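Welcome, and thanks for taking a look. Please load the model in your viewer and keep it to hand as you read.

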Amino acid sequence: MQEMSWGLNRLQREARRAAGWATTALGFTIPIWVVADGILVILLVACWGVSGNWRERGRRVISNPVGLSALLLFGWLLVGTLWGMGSLGERMLAVKKYADLLLIPLLVSMAIDVQERRRAVLALAASLVVTLLMSFALNVGILPTGGLINCDPFNPCLLKKQIPCDPSIPCIPDNYHPVCEPSNPCVFKKHTTHNILMAYGVLLFGVLAWKSTRRWVRWTWVGASCLAAGNVVLMVQGRTGYVVLAGLAMVAFHMYFGWRGMVAAVVAICVTFSAAYQVSTSFHDRVDLVATGVAQWNPQTATYDGVTERMEFFHYTVEIIQDHPLMGVGTGGFTQAYALHVQKLGLPVPTHPHNQYLLVMVQVGIVGLGLLFWLFAQQWRLASFAGDATYGLLARGLVVTIAIGCLFQPALNDHTEKLFYCLFSGLMYSGTDPQLDART
């Protein structure tokens with residue numbers, strides 16, 4: 001009996017250790033390889049299930065505002081499958097997409113230690129450096145286009161599966177988005193995802209430079225941060241990344257210089273973007289497309305560029321929300337509700353409105369939107385408990401990145417963005433226990 005107990009304890013310790021290394025590996029694979037992400041998430045959940053200590057884990061989740069908020073948001077989205085007009089398959093698919101939110105309480109319950117968190121952060125930094133170098137190589141023509149290391153409408157991303165359209169509902173063609181090529185050098189992900197991750201990389205490399213004690217290491221990270229900023233603004237055509245980078249600059253300047261830093265950040269952003277508009281054809285064209293799209297948008301006409309299609313989706317989604325403000329159309333019910341709403345106009349039907357806030361509210365109403373905001377607010381409030389000042393900055397940067405991303409993408413539905421957010425939210429706030437800190 002005693003030997004069995006010893007064996008079980010050893011199995012639980014090894015499973016817990018393997019779970020920690022799974023988070024490290026995920027930090028590296030998230031910017032690069034979707035298939036590896038799926039395998040590692042399954043391994044992480046399996047190790048978590050074997051490693052035991054359930055009573056203490058439950059206490060950690062309940063006492064952690066971030067873990068509890070994520071759990072409440074997922075719970076409400078799950079309850080939202082009980083009503084609305086989506087088919088059973090659509091409801092199950094929607095719940096599956098939001099299931100990554102459970103990684104936050106899962107990691108909170110594991111009490112990730114400082115070493116494990118540091119390993120995962122460094123793995124993410126290493127992965128982003130690889131991506132950055134390959135992006136430059138693609139830009140100068142060293143890497144060939146096509147194959148596994150590229151995206152295009154017929155090969156969307158590295159080993160990523162395309163979801164076919166429902167024959168009964170006209171859907172949006174996917175052949176008008178910019179492709180990855182030397183003039184738009186995204187490598188493993190589409191340009192939008194590439195630029196969101198690389199914008200966070202600018203902050204991450206800067207933080208690593210700040211923490212470095214050796215001069216040559218510090219200047220190496222400074223150089224990487226500058227190259228990443230140039231990659232976002234001057235090379236890759238992801239406009240969401242431009243906004244995320246501006247938001248992260250505001251957070252970093254505020255942390256260093258207080259409210260006066262916000263003014264300095266605005267000046268620096270205006271100067272940088274003005275210069276980029278003059279010298280970068282990519283930046284210039286993408287900004288001009290926004291102005292042209294806003295001026296020419298007509299809600300009665302189907303459009304297929306990134307600006308006017310978003311305005312069209314926003315417009316009709318808001319109209320659906322006005323009809324269902326409290327409870328929404330149910331989790332997984334968006335496509336059917338949208339198709340019914342625009343049926344007489346004959347407009348194409350998207351699978352999402354390109355805005356996570358609208359998508360949550362149209363599915364589960366004002367309560368769901370409130371829970372999403374509450375999760376972000378808890379993360380912002382508790383960022384200072386994430387560790388030292390540098391980890392506090394990374395934690396706030398994570399919230400800003402996903403909050404801005406949600407304005408233009410279904411960031412909690414898109415694989416890379418949601419896994420990046422959920423994994424690092426769990427890691428950053430795993431040791432956050434304000435009640436314990438208050439007692440000590």
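Predicted model: local features only at pLDDT ≥ 70, side-chain atom pairs only at ≥ 80, totals over all residues.

## Helix 4 against helix 15

Let us begin with helix 4, residues 65-79, and helix 15, residues 356-381. Their axes lie 9 Å apart, and the packing angle is about 165 degrees. Angles over 145 degrees count as roughly antiparallel, so helix 4 and helix 15 fall in that class. The crossing of helix 4 past helix 15 is left-handed.

On the side of helix 4, the contact is formed by P65, V66, S69, A70, L72, L73, W76 and L77. Helix 15 brings V364, V367, G368, L371, L372, W374, L375, Q378, Q379 and R381. Sorted by class, the residues of this contact of helix 4 with helix 15 are 13 nonpolar, four polar and one charged.

## Helix 4 against helix 6

Helix 4 also packs with helix 6, residues 103-110: their axes come within 8 Å and cross at roughly 150 degrees. That angle makes helix 4 roughly antiparallel to helix 6. Here too you will find a left-handed crossing.

The contact of helix 4 with helix 6 has six nonpolar residues, one polar and no charged.

## Helix 9 against helix 10

Next come helix 9, residues 215-235, and helix 10, residues 239-257. Their axes cross at roughly 135 degrees and come within 9 Å. Helix 9 and helix 10 are therefore oblique to each other, and their crossing is left-handed.

The contact involves A229, V232 and V233 from helix 9, with G241, Y242 and L245 from helix 10. Five of the residues in this contact of helix 9 with helix 10 are nonpolar and one is polar, with no charged residue.

## The second largest pocket

Helix 9 and helix 10 turn up again here. Which helices each supply at least two residues of the lining of the second largest pocket? They are helix 8 (191-211), helix 9, helix 10 and helix 11 (259-279). Helix 10 gives the most, with eight residues.

The second largest pocket has a volume of about 650 Å³. Its lining counts 25 residues, and V202, S225, A249, A252 and F253 lie nearest the centre. By class, the lining of this pocket has 21 nonpolar, three polar and one charged residues.

Notes: Residues numbered from 1 in each chain as written. Heavy atoms only, no water. Axes fitted to C-alpha atoms, helices over the stretch in contact; angles between N-to-C directions. Helix = DSSP H or I, 4+ residues; strand = E, 2+ residues; numbered from the N terminus. Parallel < 35°, antiparallel > 145°, perpendicular 65-115°, else oblique. Left-handed = near helix turned anticlockwise from the far one by under 90°. Contact = heavy atoms within 4.5 Å. Nonpolar A, V, L, I, M, F, W, Y, C, P; charged D, E, K, R; others polar. 1 Å grid on protein atoms, 1.4 Å probe; cavity = no way out; pocket = protein on both sides within 12 Å on 5 of 7 lines; lining within 4 Å. Points joined across faces, edges and corners; volume = space filled by probe spheres on them.
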